[in-house]
Structure formats: C-alpha cells, structure tokens
Amino acid sequence: MTTTQTVNWQTQGSPSEHLTVGRNVFTPGPDLTTQEFKQATKENVSNVTFVEYEVLLPGASSTSVEKNITLDSAARIELTCRLDNKYSHLKNLQVTWKRGNETIGHSSKTGNSWSIQLKILDNSNLGSYSCTLKGEEEISAMFHLQVPKIEGKEKPIVSYEGDTAVMVCKSFGHTPIAWTWYRTNGSEQVAINDSLLADKYVINSVSANVTHLKILKLTREDDGVYWCEAAFELGKSKGSLKLKVLSFMVPLKPFLAIVAEVVILVTIVFLYEMYSKKKEKRAEGERECDQVEQLKSEESNGLENSSARHRKI
C-alpha cells in the first residue's frame, strides 16, 4: 500500500524550514545486525512512502529559495518548482534540474510548475537538488535532502573526579534503527562497548528516540569529546558532546587564594609589629645611653668645678 503526502512551500511565511517524511513502512527493531538491516531495507523498496514537495518561486529575485527535506527511510518523492500566477506572462523559460553540478533530465511541466520524481533508496540518493528558470530573469530553488539531525548538547558537561556523568542524545520525530556511542581518541573515534567495560560505561535507551551514556567514576582521562550516532535506513547521523572533568582542587582554588592573601597580610602585619617593637627598644636604649652620657658629663663637670675651688683656696 502506498501513502501519498503533499507538502507546499512558499517563499514567505513557510511553516517549517525542515519538513519531514513520516514512516509508514516496516521498521526494523533496534537490535538488527548489519546484514539484517540491509535485507530489511531491500524489502522496503517496494512499499515506500510517496511524498510531493512544492516550492513557490518568487518573480524577479536574486535570492535562491533553499529548503531542507529530512528523510529517514526509503521514499519516492516529487520535487516541484511553481512560478506564481502573477508571473505567468514570462515566456520562453528554460528550466534546468540539477543534482549538485550534474544536470537531471526527464522533468515534467504542468502550467507554471516543473517537477521531477526521485527514488530515494539509500544515502547515495541524498544531497542537493536544484531547479533553475532562465528567461528575462534567472530564478532558482534548492532542495536539500538529508537524514535526520541528532541533537546533543552545545555547552560542555562539567563534572568532578569520582562523580558520574550522564550524556543524552535525542532524535526528534524519527526513530533510529540503532544507536552507537563513540569517544574521540586523538584523531580517531573509538566505539564504546559497555558490555566489555561495564564498570565504566552504561548505555541506556530511555526510548527509541533517546539514548543515555553514563560514565562512572570519572577521572581526568575521561575528559574529551563524545559522539552519539543514530542509524537510519538512509544513512547515519552524529551529534557531539564535550565532557570536562575537573579536580576537586579547582573549586577550592578561590578559597585557597583568599587564605593565602590573608596569611600574607597577617605575616606582613606581624613583621611590621616586630619591627616597630625593635625600633622602640632601640630608641629606648639610645635614650638610656644619652641619659648615662649626660649624667657622666654632669659628674665630670662637678668634679672639675670642685678641683677649681680647691686650687683657689
């Protein structure tokens, strides 16, 4: 049984920049092997969704209309570029369809609409398709066919040594056939096998559209970039997440800096007081010496005066 879905786009007030094809064919389970996955994909070729996409082209415009089409499973699609009726006076229009830089033939025309039909059976059929109308002006539109994008987390996940970190990846509106987690090791991405490293990693499928990676007993070596990969019938899509593992000394650094400043300040005050006391003692000693010298001088003067009186007598 074939299902037909029609989606219309306009250059103004488009309801969505990312329109998707719903899945109504047999969906393999999440535990399929690669061989079973290929076999299931072949079986679905004869029972695929048929979807029509139409773009309403502007008139004289130097801007190309670009739209994204998200496909997760095999489909037959029709891409249509339609010129608004108010530009129907334009004559002798030459229409060219391309995939990338390669020209595609066998397009059909109905009134002011030009269409091509495509069979999207695997990821080799994905890519960018464009229609270009040439006459007095050149008008074009671009369709980007792609697998669903995976949502990770833009901001780094920050945790501490010895703690547990949980990473989450989601696929909105599309159910992956399987999820795989990777860790960046230098320039390579190494798949994480939680069955072999059960004391380090735990992978949970909260639902078919959501996967969790739990990393136990964090160390500084766990710091880095992780990837979640969702496999769809038409290809794979990845999302990245960054984990930052901090030492427990990190949050203590501001406190330790304050303590160090207080210790330095107290030390300076203590040394200043010690210096002040020594200076006072030195000043007292100098005053005592001056007093002694003064007494000696007075006694000496007294003796001299006494001797002078005796000589006079």
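This is a predicted model: local features need pLDDT of at least 70, side-chain atom pairs count only at pLDDT 80 or more; totals for chains, interfaces and linings use all residues.
User: Okay, and which residue in β19 is the bridge partner of Ile-157?
Analyst: That partner is Leu-243.

User: What sheet does β12 belong to, and in what order do the strands come?
Analyst: β12 is part of an open sheet of 5 strands, ordered β12-β19-β18-β14-β15, and the pairing is mixed. The edge strands are β12 (157–160) and β15 (188–191), each of which pairs on one side only. On average, neighbouring strands of this sheet are turned by 35 degrees against each other, ignoring direction.

User: How many residues sit between the strands in the hairpin of β14 and β15?
Analyst: There are 2, and Gly-186 in this hairpin takes a positive phi near 70 degrees.

User: Which residue other than glycine has a positive phi near 45 degrees?
Analyst: Lys-217 has that value. As background, most residues other than glycine have a negative phi. You'll find Lys-217 in the loop between β17 (210–215) and β18.

User: Is Lys-217 buried or exposed?
Analyst: Lys-217 is exposed, because its relative accessible area is 60% and the cut-off for exposed is over 50%.

User: New topic: how many disulfides are there?
Analyst: The count is 2 disulfides. One of them joins Cys-81 and Cys-131, with their sulfur atoms 1.8 Å apart. The torsion about that S-S bond is about -90 degrees, so this disulfide is left-handed. Cys-81 lies in strand β5 and Cys-131 in strand β10 (residues 127–134), so the pair ties together parts that are 50 residues apart in sequence.

User: Are those two cysteines buried or exposed?
Analyst: Both Cys-81 and Cys-131 are buried.

User: And which cysteine forms a disulfide with Cys-169?
Analyst: Cys-228 does, and the sulfur atoms of this pair are 1.8 Å apart. This link is left-handed, with -80 degrees about the S-S bond. It connects distant parts of the chain, with Cys-169 in strand β13 (residues 165–170) and Cys-228 in strand β18, 59 residues apart.

User: Why does Cys-228 count as buried?
Analyst: Cys-228 counts as buried because its relative accessibility is 0%, and buried means under 20%. Cys-169 is buried with a relative accessible area of 0%.

User: What pattern do the disulfides follow?
Analyst: Counting bonded cysteines along the chain, the pattern is 1-2, 3-4.

User: Back to loops. What's in the one between β4 (65–70) and β5 (75–83)?
Analyst: Asp-72 is found there. Asp-72 is buried, with a relative accessible area of 3%. Its side chain makes a polar contact of 3.2 Å with the side chain of His-174.

User: Last one: how many helices and strands does the protein have?
Analyst: The protein has 2 helices and 19 strands. Buried residues make up 32% of its 313 residues. Its accessible surface comes to about 19,800 Å², with 52% belonging to carbon and sulfur atoms.

How values were computed:
Residues are numbered from 1 along each chain as its sequence is written. Side-chain values use heavy atoms; hydrogens and water are left out. Two strands pair if DSSP finds at least two bridges between them. Helices (H or I, at least four residues) and strands (E, at least two) are DSSP runs, numbered from the N terminus. Axes are lines fitted to C-alpha atoms, for helices over the stretch in contact, and angles run from 0 to 180 degrees between N-to-C directions. Buried means under 20% relative accessible area, exposed over 50%, partly exposed in between (1.4 Å probe, protein chains only). A polar contact is a pair of N or O atoms within 3.5 Å; within protein, one must be able to donate a hydrogen and the other to accept it, and residues adjacent in sequence count only if both atoms are side-chain atoms. Accessible areas come from the Shrake-Rupley method with a 1.4 Å probe; for residues, only the protein chains shown count as cover. A disulfide is a pair of cysteine sulfur atoms within 2.5 Å.
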